Amino acid sequence: MAWHWESFVYAIVAFVVLYVLLSKYAFGPLFSIMEKRREQVLDQMKSAEQNRSEAAKLLDDQKKAIQDARKEAYELIEQARTTSVRQADEIIQQAKDESVRIKNDALKDIESEKNKAIIALRSQVSALSVMIASKIVEKQVDEKSQQELIDQYLKEVGGKV
């Protein structure tokens, strides 16, 4: 095979023309499309990273909200427990106060009835004393008989009380 320099020159000229045409009409748009695709992929990666960081932030916010809700629920339970204990103590104290009041009222009633009984007894004693005195005056007995009569009458009065 012989080497032909004319073919070589034609091949180089054809290659240069083909390279210029390809670079002007094919490589420019092809590289432009590839550059746009590269930028699009970079934008999607940035967007995915932002979405991931936002999702992590939202997850943290939700965890915090759940913790706050649990804390608030615990506080409400504790407040309800405290309120119920306080109300129970108030009810017990009211019951104690009421029992003391009822007891005091009963003691006052007993004292009043006792005083009424004493007054009634005194009036009966005075009536009986008058009756004894009248009997003594009627009988005109000696001192010994009079003492026996008084003792007997006091025994009768003591038995009636």
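In this predicted model, the side chains of Arg 52 and Glu 49 meet in a salt bridge, with 2.7 Å from N to O. A salt bridge here is a side-chain nitrogen of Lys or Arg within 4 Å of a carboxyl oxygen of Asp or Glu. Both Arg 52 and Glu 49 lie in helix H1, three residues apart, or about one turn of the helix. Glu 49 has a relative accessibility of 42%, so it counts as partly exposed; on this scale, buried means under 20% relative accessible area, exposed over 50%, and partly exposed in between, using a 1.4 Å probe and protein chains only.

The model is predicted, so local features need pLDDT of at least 70 and side-chain atom pairs count only at pLDDT 80 or more, while totals for chains, interfaces and linings use all residues. Residues are numbered from 1 along each chain as its sequence is written, and side-chain values use heavy atoms, with hydrogens and water left out.

Turning to the chain as a whole, its secondary structure comes to two helices and zero strands. Helices (H or I, at least four residues) and strands (E, at least two) are DSSP runs, numbered from the N terminus. Helix H1 spans residues 5–139. Of the 161 residues in the chain, 4% are buried. The chain exposes about 14500 Å², and carbon and sulfur atoms supply 62% of that area. Accessible areas come from the Shrake-Rupley method with a 1.4 Å probe, and for residues only the protein chains shown count as cover.

The count of salt bridges comes to seven. One of them joins the side chains of Arg 86 and Glu 90, at 3.5 Å from N to O. These two residues are separated by about one helical turn because they are four residues apart in helix H1. Arg 86, at 44% relative accessibility, counts as partly exposed, and Glu 90 is partly exposed as well, with a relative accessible area of 39%.

Another salt bridge links Glu 98 with Arg 101, whose closest N and O atoms are 2.3 Å apart. Glu 98 and Arg 101 are three residues apart in helix H1, about one turn of the helix. Glu 98 counts as partly exposed at 36% relative accessibility, and Arg 101 counts as partly exposed at 41%. Salt bridges with shared partners join Glu 98, Arg 101 and Asp 105 into one network.

Aromatic rings come next. A pair of aromatic rings is described by the distance of the centres and the angle of the planes. Rings of Phe, Tyr and Trp (its six-membered ring) pair if their centres lie within 6.5 Å; planes under 30 degrees apart count as stacked, over 60 as edge-to-face and the rest as tilted. By this rule there are two aromatic pairs. The rings of Phe 27 and Phe 31 are stacked because their centres are 5.9 Å apart and their planes lie at 25°. Phe 27 and Phe 31 are four residues apart in helix H1, so about one helical turn separates them. Phe 27 counts as partly exposed at 29% relative accessibility, whereas Phe 31 counts as exposed at 51%. Together with Tyr 19, Phe 27 and Phe 31 form one aromatic cluster.
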